[in-house]
Amino acid sequence: MKAKKRHVVVIGSGIVGVSAAIWLRRKDVAVTIVDRKPAGDPKATSYGNAGILAACSVAPVTAPGLLRKAPRMALDPNFPLFMRWSYLPKLIPWLVRYMSHANDPDTRRIAEGLAPLTSDSVQQHQLLTKGTKAAQWLEVADYSFAYPNRAAFDADRYTWSLRKIAGFEPELIEGNAVRDFEPALSKDLNLLAVMHDHGFTKDPGAYVADLALEAKKLGAVFRQAEVTDFHFTDDRVTSVVTATGPLKCDNVILASGVWSGPLAKKLGLNVPLESERGYHMVFKSPEGGPSTPLMVTTGKFVATPMADGLRCAGVVEFGGLEAGTSKAPLALLERKVRETFPSLTFESSTSWLGHRPAPADSLPLIGEIGSTGVLAGFGHHHIGLTAGPKTGRILAGIITGDRENADINAYDPERF
(Lines give C-alpha, C1' and ligand atoms only; values in the text may rest on other atoms or scores of the structure.)
Protein backbone atom coordinates (compact mmCIF):
# COMPACT_ATOMS: atom_id res chain seq x y z
CA MET A 1 0.00 0.00 0.00
CA LYS A 2 1.43 3.38 -1.04
CA ALA A 3 2.17 5.72 1.87
CA LYS A 4 0.13 8.92 2.06
CA LYS A 5 2.09 11.93 0.85
CA ARG A 6 2.62 14.65 3.46
CA HIS A 7 0.74 17.87 2.72
CA VAL A 8 1.94 21.26 3.92
CA VAL A 9 -0.10 24.46 3.81
CA VAL A 10 2.07 27.57 3.56
CA ILE A 11 0.29 30.73 4.71
CA GLY A 12 1.91 33.65 2.89
CA SER A 13 3.33 34.02 -0.62
CA GLY A 14 6.17 36.39 0.24
CA ILE A 15 9.85 35.50 0.04
CA VAL A 16 9.79 33.14 3.05
CA GLY A 17 6.67 31.30 1.95
CA VAL A 18 7.66 30.73 -1.68
CA SER A 19 11.20 29.74 -0.64
CA ALA A 20 9.86 27.12 1.77
CA ALA A 21 7.48 25.85 -0.91
CA ILE A 22 10.27 25.40 -3.45
CA TRP A 23 12.49 23.50 -1.02
CA LEU A 24 9.54 21.31 0.04
CA ARG A 25 8.61 20.50 -3.55
CA ARG A 26 12.22 19.61 -4.30
CA LYS A 27 11.72 16.92 -1.64
CA ASP A 28 8.40 15.86 -3.22
CA VAL A 29 6.25 17.20 -0.37
CA ALA A 30 2.75 18.31 -1.42
CA VAL A 31 2.34 22.07 -0.90
CA THR A 32 -0.56 24.50 -1.02
CA ILE A 33 0.26 28.21 -0.68
CA VAL A 34 -2.56 30.40 0.62
CA ASP A 35 -2.53 34.19 0.60
CA ARG A 36 -5.00 37.04 0.31
CA LYS A 37 -2.85 38.46 -2.49
CA PRO A 38 -0.89 36.93 -5.36
CA ALA A 39 2.87 36.50 -5.01
CA GLY A 40 4.77 39.67 -5.88
CA ASP A 41 1.68 41.83 -5.35
CA PRO A 42 2.62 45.55 -5.33
CA LYS A 43 1.05 46.00 -1.90
CA ALA A 44 2.99 43.14 -0.31
CA THR A 45 6.06 43.69 1.87
CA SER A 46 8.32 41.51 -0.28
CA TYR A 47 7.58 43.83 -3.22
CA GLY A 48 8.68 47.10 -1.70
CA ASN A 49 12.02 46.60 0.05
CA ALA A 50 15.38 48.05 -0.95
CA GLY A 51 16.28 44.81 -2.71
CA ILE A 52 19.61 44.31 -0.92
CA LEU A 53 21.00 40.87 -0.07
CA ALA A 54 22.51 42.46 3.01
CA ALA A 55 24.79 39.75 4.32
CA CYS A 56 26.38 42.17 6.80
CA SER A 57 23.03 43.24 8.35
CA VAL A 58 23.54 41.82 11.81
CA ALA A 59 23.22 44.95 13.96
CA PRO A 60 19.73 45.66 15.34
CA VAL A 61 18.33 49.18 15.60
CA THR A 62 18.23 48.84 19.39
CA ALA A 63 21.88 49.71 20.00
CA PRO A 64 23.10 51.10 23.34
CA GLY A 65 22.16 54.76 23.71
CA LEU A 66 18.99 54.55 21.63
CA LEU A 67 16.77 55.24 24.64
CA ARG A 68 18.52 58.58 25.16
CA LYS A 69 18.41 59.54 21.48
CA ALA A 70 14.91 58.33 20.56
CA PRO A 71 12.82 61.31 21.75
CA ARG A 72 14.99 63.75 19.80
CA MET A 73 14.83 61.52 16.73
CA ALA A 74 11.04 61.27 16.85
CA LEU A 75 10.62 65.05 17.22
CA ASP A 76 13.19 66.07 14.60
CA PRO A 77 11.40 66.67 11.25
CA ASN A 78 14.72 66.11 9.45
CA PHE A 79 15.29 62.65 10.93
CA PRO A 80 13.74 59.71 9.03
CA LEU A 81 11.70 58.44 12.00
CA PHE A 82 8.03 59.40 12.12
CA MET A 83 5.20 58.75 14.54
CA ARG A 84 1.46 58.95 14.09
CA TRP A 85 0.86 60.27 17.56
CA SER A 86 -2.73 59.01 17.74
CA TYR A 87 -1.30 55.49 17.53
CA LEU A 88 1.17 55.97 20.40
CA PRO A 89 -1.09 54.62 23.21
CA LYS A 90 -1.48 51.33 21.31
CA LEU A 91 2.24 51.23 20.50
CA ILE A 92 3.54 51.83 24.04
CA PRO A 93 3.51 48.19 25.33
CA TRP A 94 5.50 47.02 22.31
CA LEU A 95 7.76 50.08 22.43
CA VAL A 96 8.68 49.50 26.09
CA ARG A 97 9.72 45.92 25.32
CA TYR A 98 11.56 47.01 22.18
CA MET A 99 13.56 49.71 23.94
CA SER A 100 14.42 47.35 26.80
CA HIS A 101 16.87 45.66 24.42
CA ALA A 102 18.85 48.87 23.77
CA ASN A 103 21.84 47.71 25.78
CA ASP A 104 25.16 46.06 24.99
CA PRO A 105 24.47 42.46 26.13
CA ASP A 106 21.13 42.25 24.30
CA THR A 107 22.50 43.95 21.18
CA ARG A 108 25.37 41.48 20.97
CA ARG A 109 23.01 38.54 21.58
CA ILE A 110 20.66 39.72 18.84
CA ALA A 111 23.54 40.30 16.40
CA GLU A 112 24.82 36.80 17.13
CA GLY A 113 21.34 35.48 16.37
CA LEU A 114 20.96 37.39 13.10
CA ALA A 115 24.36 36.49 11.63
CA PRO A 116 23.57 32.85 10.71
CA LEU A 117 20.49 34.00 8.77
CA THR A 118 22.17 36.80 6.81
CA SER A 119 25.87 36.04 6.37
CA ASP A 120 25.51 33.58 3.46
CA SER A 121 22.57 35.39 1.86
CA VAL A 122 23.98 35.59 -1.67
CA GLN A 123 24.76 31.87 -1.74
CA GLN A 124 21.32 30.99 -0.35
CA HIS A 125 19.57 33.04 -3.03
CA GLN A 126 21.74 31.45 -5.71
CA LEU A 127 20.97 27.94 -4.46
CA LEU A 128 17.26 28.71 -4.41
CA THR A 129 17.18 30.18 -7.93
CA LYS A 130 19.70 28.03 -9.79
CA GLY A 131 18.18 26.96 -13.09
CA THR A 132 15.04 29.03 -12.58
CA LYS A 133 13.60 32.12 -14.27
CA ALA A 134 13.99 34.03 -11.00
CA ALA A 135 17.81 33.94 -11.28
CA GLN A 136 17.67 36.73 -13.88
CA TRP A 137 16.80 39.25 -11.14
CA LEU A 138 19.86 38.60 -8.96
CA GLU A 139 23.08 40.64 -9.13
CA VAL A 140 26.26 40.15 -7.12
CA ALA A 141 27.53 43.63 -6.29
CA ASP A 142 29.29 45.89 -3.81
CA TYR A 143 27.12 47.42 -1.09
CA SER A 144 28.55 50.72 0.15
CA PHE A 145 27.85 52.91 3.17
CA ALA A 146 28.30 56.61 2.40
CA TYR A 147 29.50 58.94 5.18
CA PRO A 148 30.39 62.65 5.24
CA ASN A 149 33.87 61.95 6.61
CA ARG A 150 36.08 59.70 8.75
CA ALA A 151 34.67 61.14 11.98
CA ALA A 152 31.13 60.13 10.99
CA PHE A 153 32.35 56.63 10.14
CA ASP A 154 34.18 56.38 13.46
CA ALA A 155 30.99 57.41 15.27
CA ASP A 156 29.48 54.15 13.95
CA ARG A 157 32.35 52.06 15.32
CA TYR A 158 30.07 50.03 17.61
CA THR A 159 27.93 48.82 14.69
CA TRP A 160 30.99 48.08 12.59
CA SER A 161 32.49 46.08 15.46
CA LEU A 162 29.41 43.82 15.40
CA ARG A 163 29.80 43.36 11.65
CA LYS A 164 33.47 42.52 12.13
CA ILE A 165 32.60 39.80 14.65
CA ALA A 166 30.27 38.35 12.00
CA GLY A 167 33.14 38.34 9.50
CA PHE A 168 32.50 41.57 7.60
CA GLU A 169 35.07 44.35 7.27
CA PRO A 170 34.73 47.15 4.71
CA GLU A 171 37.20 48.60 2.28
CA LEU A 172 37.42 52.33 3.03
CA ILE A 173 37.54 54.84 0.18
CA GLU A 174 38.11 58.49 1.10
CA GLY A 175 38.39 61.98 -0.36
CA ASN A 176 38.44 62.47 -4.12
CA ALA A 177 38.55 58.71 -4.63
CA VAL A 178 34.89 58.58 -3.52
CA ARG A 179 33.82 60.37 -6.72
CA ASP A 180 36.07 58.10 -8.77
CA PHE A 181 34.22 55.13 -7.31
CA GLU A 182 30.75 56.68 -7.48
CA PRO A 183 30.59 59.92 -9.52
CA ALA A 184 26.92 60.56 -8.68
CA LEU A 185 27.56 61.27 -5.00
CA SER A 186 27.43 64.73 -3.47
CA LYS A 187 30.73 66.31 -2.49
CA ASP A 188 29.42 66.37 1.08
CA LEU A 189 30.00 62.60 1.22
CA ASN A 190 33.71 61.88 1.46
CA LEU A 191 34.01 58.34 2.80
CA LEU A 192 32.67 55.04 1.51
CA ALA A 193 32.74 51.83 3.52
CA VAL A 194 32.47 49.26 0.74
CA MET A 195 31.24 45.73 1.45
CA HIS A 196 32.23 43.41 -1.38
CA ASP A 197 30.45 40.19 -2.41
CA HIS A 198 26.97 41.34 -1.49
CA GLY A 199 24.05 41.46 -3.90
CA PHE A 200 20.64 42.82 -4.79
CA THR A 201 17.53 42.05 -6.80
CA LYS A 202 16.75 44.20 -9.80
CA ASP A 203 13.01 43.88 -9.17
CA PRO A 204 11.92 42.36 -5.83
CA GLY A 205 8.29 42.02 -6.91
CA ALA A 206 9.13 40.24 -10.15
CA TYR A 207 11.69 38.14 -8.28
CA VAL A 208 9.13 36.82 -5.80
CA ALA A 209 6.56 36.35 -8.58
CA ASP A 210 9.04 34.26 -10.57
CA LEU A 211 9.90 32.21 -7.47
CA ALA A 212 6.17 31.56 -7.09
CA LEU A 213 6.03 30.44 -10.74
CA GLU A 214 8.90 28.04 -10.03
CA ALA A 215 7.03 26.63 -7.02
CA LYS A 216 3.96 26.19 -9.21
CA LYS A 217 6.06 24.56 -11.95
CA LEU A 218 7.32 22.11 -9.33
CA GLY A 219 3.73 21.26 -8.38
CA ALA A 220 2.76 23.66 -5.60
CA VAL A 221 -0.90 24.71 -5.61
CA PHE A 222 -1.87 28.36 -5.01
CA ARG A 223 -5.12 29.50 -3.43
CA GLN A 224 -6.05 33.14 -3.03
CA ALA A 225 -8.02 33.31 0.21
CA GLU A 226 -7.85 34.64 3.74
CA VAL A 227 -6.92 32.19 6.49
CA THR A 228 -9.15 32.58 9.54
CA ASP A 229 -8.37 29.65 11.87
CA PHE A 230 -6.93 26.18 12.39
CA HIS A 231 -8.46 22.83 13.26
CA PHE A 232 -6.64 20.39 15.54
CA THR A 233 -6.94 16.73 16.46
CA ASP A 234 -5.17 15.74 19.69
CA ASP A 235 -3.44 19.15 19.70
CA ARG A 236 -1.97 18.67 16.22
CA VAL A 237 -3.07 20.67 13.21
CA THR A 238 -5.27 18.80 10.72
CA SER A 239 -6.65 21.61 8.58
CA VAL A 240 -6.50 25.31 7.87
CA VAL A 241 -9.75 27.24 7.79
CA THR A 242 -10.02 29.73 4.92
CA ALA A 243 -12.74 32.04 3.65
CA THR A 244 -13.25 29.63 0.74
CA GLY A 245 -13.26 26.41 2.77
CA PRO A 246 -10.94 24.17 4.82
CA LEU A 247 -7.62 22.74 3.64
CA LYS A 248 -6.53 19.45 5.17
CA CYS A 249 -2.86 19.27 6.02
CA ASP A 250 -0.13 17.58 8.05
CA ASN A 251 1.90 20.75 8.67
CA VAL A 252 1.44 24.49 8.36
CA ILE A 253 4.05 27.19 7.78
CA LEU A 254 2.89 30.58 9.04
CA ALA A 255 4.80 33.11 6.93
CA SER A 256 2.49 36.09 6.42
CA GLY A 257 4.68 38.81 7.90
CA VAL A 258 3.07 41.24 10.33
CA TRP A 259 -0.31 39.67 9.55
CA SER A 260 0.92 36.49 11.25
CA GLY A 261 0.26 38.02 14.67
CA PRO A 262 -3.52 37.42 14.85
CA LEU A 263 -3.16 33.85 13.59
CA ALA A 264 -0.37 33.22 16.10
CA LYS A 265 -2.80 34.24 18.86
CA LYS A 266 -5.09 31.40 17.81
CA LEU A 267 -2.14 29.11 18.54
CA GLY A 268 -1.67 30.55 22.02
CA LEU A 269 1.16 32.93 21.10
CA ASN A 270 0.85 36.58 22.04
CA VAL A 271 3.76 37.86 19.98
CA PRO A 272 4.87 41.48 20.56
CA LEU A 273 4.85 42.33 16.86
CA GLU A 274 4.38 45.74 15.30
CA SER A 275 4.29 47.20 11.82
CA GLU A 276 7.30 49.32 11.04
CA ARG A 277 5.86 51.29 8.17
CA GLY A 278 8.46 51.60 5.42
CA TYR A 279 8.43 53.92 2.41
CA HIS A 280 10.19 53.93 -0.90
CA MET A 281 10.33 56.11 -4.00
CA VAL A 282 11.25 54.96 -7.49
CA PHE A 283 12.73 57.52 -9.88
CA LYS A 284 11.97 56.38 -13.43
CA SER A 285 14.54 56.61 -16.26
CA PRO A 286 17.16 58.15 -13.97
CA GLU A 287 20.43 59.78 -14.94
CA GLY A 288 23.01 60.87 -12.38
CA GLY A 289 22.20 58.09 -9.90
CA PRO A 290 24.46 55.43 -8.35
CA SER A 291 25.71 52.41 -10.28
CA THR A 292 25.67 50.06 -7.27
CA PRO A 293 23.58 49.95 -4.08
CA LEU A 294 24.36 52.55 -1.42
CA MET A 295 23.31 53.06 2.19
CA VAL A 296 23.32 56.83 2.65
CA THR A 297 23.98 57.30 6.35
CA THR A 298 23.08 61.00 6.34
CA GLY A 299 19.53 60.17 5.24
CA LYS A 300 19.24 56.59 6.55
CA PHE A 301 18.03 55.32 3.19
CA VAL A 302 19.26 52.80 0.64
CA ALA A 303 19.53 53.72 -3.03
CA THR A 304 19.38 50.75 -5.40
CA PRO A 305 19.54 50.86 -9.22
CA MET A 306 16.72 48.58 -10.33
CA ALA A 307 15.09 47.52 -13.57
CA ASP A 308 12.32 50.11 -13.31
CA GLY A 309 14.48 52.97 -12.02
CA LEU A 310 16.38 54.14 -8.96
CA ARG A 311 14.64 52.88 -5.81
CA CYS A 312 15.30 54.79 -2.60
CA ALA A 313 13.94 53.13 0.54
CA GLY A 314 14.37 53.43 4.26
CA VAL A 315 12.09 55.89 6.06
CA VAL A 316 10.49 54.48 9.25
CA GLU A 317 7.06 55.38 10.60
CA PHE A 318 5.04 53.91 13.46
CA GLY A 319 1.32 54.11 12.95
CA GLY A 320 -0.14 50.62 12.61
CA LEU A 321 -1.65 48.78 9.67
CA GLU A 322 -4.77 50.81 8.99
CA ALA A 323 -3.59 54.38 8.36
CA GLY A 324 -2.83 55.53 4.84
CA THR A 325 0.30 57.11 3.39
CA SER A 326 1.82 60.10 5.17
CA LYS A 327 3.22 63.02 3.18
CA ALA A 328 6.07 64.04 5.50
CA PRO A 329 8.16 60.82 5.23
CA LEU A 330 8.07 60.93 1.44
CA ALA A 331 8.91 64.64 1.34
CA LEU A 332 11.93 64.06 3.59
CA LEU A 333 13.05 61.07 1.55
CA GLU A 334 12.88 62.99 -1.72
CA ARG A 335 14.81 65.90 -0.21
CA LYS A 336 17.56 63.60 1.06
CA VAL A 337 17.78 61.89 -2.33
CA ARG A 338 18.24 65.21 -4.10
CA GLU A 339 20.92 66.26 -1.58
CA THR A 340 22.77 62.97 -2.06
CA PHE A 341 22.62 62.87 -5.87
CA PRO A 342 22.66 66.56 -6.95
CA SER A 343 22.79 65.74 -10.67
CA LEU A 344 19.93 63.23 -10.58
CA THR A 345 17.32 63.68 -13.31
CA PHE A 346 14.33 61.43 -14.01
CA GLU A 347 11.13 61.29 -16.05
CA SER A 348 8.72 60.60 -13.19
CA SER A 349 8.53 59.10 -9.71
CA THR A 350 6.26 56.75 -7.78
CA SER A 351 5.98 56.06 -4.06
CA TRP A 352 5.05 53.05 -1.90
CA LEU A 353 4.18 52.20 1.68
CA GLY A 354 4.59 48.75 3.23
CA HIS A 355 4.77 47.04 6.60
CA ARG A 356 7.93 45.49 8.03
CA PRO A 357 7.09 42.87 10.69
CA ALA A 358 9.00 44.03 13.79
CA PRO A 359 9.21 41.72 16.83
CA ALA A 360 10.09 43.46 20.10
CA ASP A 361 13.49 41.72 20.23
CA SER A 362 14.42 42.17 16.51
CA LEU A 363 14.75 38.40 15.97
CA PRO A 364 12.42 36.46 13.68
CA LEU A 365 10.24 33.57 14.83
CA ILE A 366 11.37 30.34 13.16
CA GLY A 367 10.45 26.81 14.19
CA GLU A 368 7.62 24.59 15.32
CA ILE A 369 5.11 25.96 17.79
CA GLY A 370 5.05 23.29 20.48
CA SER A 371 4.11 19.95 18.91
CA THR A 372 1.26 21.38 16.87
CA GLY A 373 2.75 20.79 13.44
CA VAL A 374 2.50 24.54 12.81
CA LEU A 375 5.83 26.23 12.06
CA ALA A 376 6.47 29.95 12.42
CA GLY A 377 8.45 31.78 9.75
CA PHE A 378 7.83 35.49 10.24
CA GLY A 379 9.06 38.62 12.01
CA HIS A 380 12.20 39.30 9.96
CA HIS A 381 12.07 43.08 10.46
CA HIS A 382 14.77 44.57 8.14
CA ILE A 383 16.19 41.26 6.85
CA GLY A 384 13.16 39.65 5.18
CA LEU A 385 14.48 39.52 1.63
CA THR A 386 18.03 38.86 2.80
CA ALA A 387 17.15 35.89 5.01
CA GLY A 388 14.00 34.64 3.27
CA PRO A 389 15.56 31.78 1.26
CA LYS A 390 17.53 30.43 4.21
CA THR A 391 14.52 30.66 6.50
CA GLY A 392 12.44 28.78 3.95
CA ARG A 393 15.10 26.11 3.68
CA ILE A 394 15.29 25.74 7.47
CA LEU A 395 11.52 25.35 7.72
CA ALA A 396 11.40 22.82 4.89
CA GLY A 397 14.21 20.87 6.53
CA ILE A 398 12.35 20.66 9.84
CA ILE A 399 9.38 19.10 8.04
CA THR A 400 11.37 16.70 5.84
CA GLY A 401 13.94 15.79 8.48
CA ASP A 402 16.79 17.27 6.42
CA ARG A 403 17.66 19.84 9.05
CA GLU A 404 20.12 22.62 8.28
CA ASN A 405 23.29 22.61 10.35
CA ALA A 406 22.12 25.65 12.29
CA ASP A 407 21.11 26.37 15.87
CA ILE A 408 17.65 27.94 15.70
CA ASN A 409 17.06 28.32 19.43
CA ALA A 410 17.41 32.11 19.16
CA TYR A 411 14.31 32.17 16.97
CA ASP A 412 12.12 30.03 19.25
CA PRO A 413 8.54 31.14 18.49
CA GLU A 414 7.52 30.45 22.09
CA ARG A 415 10.21 32.63 23.66
CA PHE A 416 7.74 35.38 24.53
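**A strand on the inside**

Ten of the ten residues of strand 16 (residues 309-318) are buried, so strand 16 is largely enclosed by the rest of the structure. Here buried means under 20% relative accessible area, exposed means over 50%, and partly exposed lies in between, using a 1.4 Å probe and protein chains only. Strands (E, at least two residues) and helices (H or I, at least four residues) are DSSP runs, numbered from the N terminus.

This is a predicted model, in which local features need pLDDT of at least 70 and side-chain atom pairs count only at pLDDT 80 or more, while totals for chains, interfaces and linings use all residues. Residues are numbered from 1 along each chain as its sequence is written, and side-chain values use heavy atoms, with hydrogens and water left out.

**The partners of strand 16**

- Strand 16 pairs with strand 4 (residues 81-83) in the parallel sense, over three bridges; two strands count as paired if DSSP finds at least two bridges between them.
- Strand 13 (residues 273-284) runs antiparallel to strand 16, and seven bridges join them.
- Strand 15 (residues 301-306) is also antiparallel to strand 16, with five bridges.
- Strand 15 and strand 16 form a hairpin, with two residues between them.
- Within that pair, Met306 has Gly309 of strand 16 as its bridge partner.
- Which residue of strand 16 is the bridge partner of Phe82? It is Glu317, and Glu317 is the bridge partner of Arg277 as well.

**An open sheet and the helix on it**

- Six strands make up an open sheet in the order 8-2-1-12-19-18, with mixed pairing.
- Strand 8 (221-224) and strand 18 (365-368) stand at the edges with a single partner strand each, so one side of each has no neighbour in the sheet.
- From one strand to the next, the twist averages 20 degrees.
- Strand 18 pairs with strand 19 (residues 374-378) in the antiparallel sense, over four bridges.
- Ile366 has Gly377, in strand 19, as its bridge partner.
- Helix 1 packs on the sheet, where it touches strand 1, strand 2, strand 12 (251-254) and strand 19. Contact means heavy atoms within 4.5 Å.
- The direction of helix 1 makes about 165 degrees with that of strand 2; axes are lines fitted to C-alpha atoms, for helices over the stretch in contact, and angles run from 0 to 180 degrees between N-to-C directions.
- As a background note, side chains in a regular strand alternate between the two faces of the sheet.

**The nonpolar cores**

- A nonpolar core is a set of buried Ala, Val, Leu, Ile, Met, Phe, Trp, Tyr and Cys residues joined through side-chain atoms within 4.5 Å.
- The largest nonpolar core has 45 residues, and those with the most contacts inside it are Leu24, Tyr207, Leu211 and Ile253.
- Elements giving two or more residues to this core include strand 1 (7-11), helix 1 (15-25), strand 2 (30-35) and helix 9 (204-217).
- Which element gives the largest share of this core? Helix 1 does, with eight residues.
- Leaving aside neighbours within four places in sequence, Ile253 is in contact with residues including Val8, Val10, Leu24, Leu375 and Ile399.
- A second, separate core has 26 residues, among them Leu310, Val315, Leu330 and Leu332.

**Salt bridges**

- Side chains of opposite charge can pair when their charged atoms come close.
- The structure holds 17 salt bridges, each one a side-chain nitrogen of Lys or Arg within 4 Å of a carboxyl oxygen of Asp or Glu.
- Lys5 forms a salt bridge with Asp28, with the closest N and O atoms 3.2 Å apart.
- Lys5 lies in the segment before strand 1 and Asp28 in the loop between helix 1 and strand 2, so the pair ties together parts 23 residues apart in sequence.
- Lys5, Arg25 and Asp28 are linked in a network of salt bridges.
- Arg84 and Glu317 meet through their side chains in a salt bridge (3.7 Å, N to O).
- Arg84 sits in the loop between strand 4 and helix 3 (88-99) and Glu317 in strand 16, so this pair ties together parts that are 233 residues apart in sequence.
- Are Arg84 and Glu317 buried or partly exposed? Arg84 counts as partly exposed at 26% relative accessibility, whereas Glu317 counts as buried at 2%.
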